[in-house]
Amino acid sequence: WISSHFSYPLWDIGQLFKELAHNIHMFRWKTSSKHFDSSYKHKSVERFRREIIISIMKIFGKVLIVANLFAVAESQCSVCGDGNEVTNPEAVFSFPGQPDTSCGDLEEDGELGLLPPQQCDILPTLIEDLCGCAQIPCNICGEGKEVGNPDPTFSFPGQPPLSCGELEDEGEQGLVDEDLCGILPNLVESLCECQPIGSTNAPTFPTVDLCSVCGDEKKVNNPGAIFSFPSQPSRTCEELEDEGEQGLLPGDECAFLPDLIEDLCDCQPIQEPGESCAVCGEGQIVGDPGEIFSFPGQPTRSCGELEDEGEQGLLDEDFCDTLPALIDTLCACQSEGSTIAPTPTAS
């Protein structure tokens, strides 16, 4: 209240003193100048003398205003007690020998310094319940703003360190000192990332460059092979591919990897899933998934892996058509739902 009411009069007085100093300077210059005739000099001196008197009167008037403001500030009274305010302004307060007054009007009279000090001292106890006296909440980020990052710790001399979130909570509960509250927005704005109420401050993540170690639209088909490179830890082709997909490989390393690992990791074009393929033929399933199937131009895999790839539509259609004849015996193809009895060994 003091800063808002005092700042302009005090600034105005400063300007008036500058004006007075200018007029005195001009007055002295005119009276000592030899460049004007006596008639002109007399008129100029008289004019600046009047202006000096007017400036002094203006300053005196402003000083009286400021003095009056200080007197009002000294006699201000918080009817609910320091740090509290009325929350039920419409309630009517009655006291013997005094006119009935609403809590809102009573609070205003106190702020204007219109209440006798002895009356002000007893009012908080008398009106606490009636007027709903409560601690004044403090928005630590300022009006219309809220904390955007509750985690940083705020420290201030004479106060315990608190996170921005804890400080905001204490402010909302009216636990922050009124004087401290007035300067908090400037102190915490950057630290607590104050932002307009209701806005979202989505976290930002660094851009990650993903890398296909086999090259664009290719994938590893020999995941167990070990790739070694000077000054780098050895890892399997599968691990290398995973690191690339997670953006964990440097861009310059990723650029030359396809040429280095193409044969080792058996890089192959990525095939879009097609129609599922029954590798043993329609109505048939693999009976011995552990057997290993090899075919020119194809990676070696077990019968079980071959069946899984067929069900996922990962096998070439023409290749799928030839498979039942190729693997019928090797993979012990059998009708769905049937079981193969174990072959007894000769004793």
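This is a predicted model: local features need pLDDT of at least 70, side-chain atom pairs count only at pLDDT 80 or more; totals for chains, interfaces and linings use all residues.
User: What makes the space lined by Phe 227, Phe 229, Gln 232, Arg 235, Glu 253, Phe 256, Leu 257 and Leu 260 a cavity?

Analyst: The term cavity applies because a 1.4 Å probe fits at its points but cannot get out. The count comes to one cavity of 30 Å³ or more, and the largest cavity holds about 40 Å³ of space.

User: Which elements supply at least two residues each of the lining of the largest cavity?

Analyst: They are β10 (226-229), β11 (232-236) and α8 (251-261). The largest share, four residues, comes from α8.

User: How is the lining of the largest cavity divided by class?

Analyst: It has five nonpolar, one polar and two charged residues.

User: Is Phe 227 buried or exposed, and how do you know?

Analyst: Phe 227 has 7% relative accessibility and therefore counts as buried, the cut-off being under 20%. Phe 229, at 34%, counts as partly exposed, because that class lies between 20% and 50%.

User: Why is the pair of Phe 293 and Phe 319 called tilted?

Analyst: Its planes are 35 degrees apart and its centres 6.5 Å apart. An angle under 30 degrees would count as stacked and one over 60 as edge-to-face, so the pair of Phe 293 and Phe 319 is classed as tilted. Phe 293 lies in strand β14 (residues 292-293) and Phe 319 in helix α10 (residues 317-327), so the pair ties together parts that are 26 residues apart in sequence. Phe 293 is buried, with a relative accessible area of 4%, and Phe 319 is buried at 8%.

User: How do you know that Glu 189 and Lys 145 form a salt bridge?

Analyst: Their closest N and O atoms are 3.6 Å apart. The cut-off is 4 Å, so the pair qualifies as a salt bridge. The structure holds four salt bridges. Glu 189 lies in the loop between α6 (178-188) and β8 (195-196), and Lys 145 in strand β5 (residues 145-146), so the pair ties together parts that are 44 residues apart in sequence. Glu 189, at 38% relative accessibility, counts as partly exposed, and so does Lys 145 at 30%.

User: What makes the contact of Glu 262 and Lys 218 a salt bridge?

Analyst: The N to O distance is 3.8 Å, and a salt bridge requires these atoms within 4 Å. Glu 262 lies in the loop between α8 and β12 (268-269), and Lys 218 in strand β9 (residues 218-219), so the pair ties together parts that are 44 residues apart in sequence. Glu 262 is partly exposed at 36%, and Lys 218 is partly exposed at 29%.

User: Which residue forms a salt bridge with Arg 235?

Analyst: Glu 243 does, the closest N and O atoms being 2.9 Å apart. Arg 235 is buried, with a relative accessible area of 8%, whereas Glu 243 counts as partly exposed at 24%. Arg 235 also lines the largest cavity.

Methods:
Residues are numbered from 1 along each chain as its sequence is written. Side-chain values use heavy atoms; hydrogens and water are left out. On a 1 Å grid over the protein atoms alone, a cavity is a set of points where a 1.4 Å probe fits but cannot get out, and a pocket is an open set with protein on both sides within 12 Å along at least five of seven lines; lining residues have an atom within 4 Å of a point. Grid points are joined across faces, edges and corners, and a volume is the space filled by probe spheres set on the points. Ala, Val, Leu, Ile, Met, Phe, Trp, Tyr, Cys and Pro count as nonpolar, Asp, Glu, Lys and Arg as charged, and the others, Gly among them, as polar. Buried means under 20% relative accessible area, exposed over 50%, partly exposed in between (1.4 Å probe, protein chains only). Rings of Phe, Tyr and Trp (its six-membered ring) pair if their centres lie within 6.5 Å; planes under 30 degrees apart count as stacked, over 60 as edge-to-face and the rest as tilted. A salt bridge is a side-chain nitrogen of Lys or Arg within 4 Å of a carboxyl oxygen of Asp or Glu.
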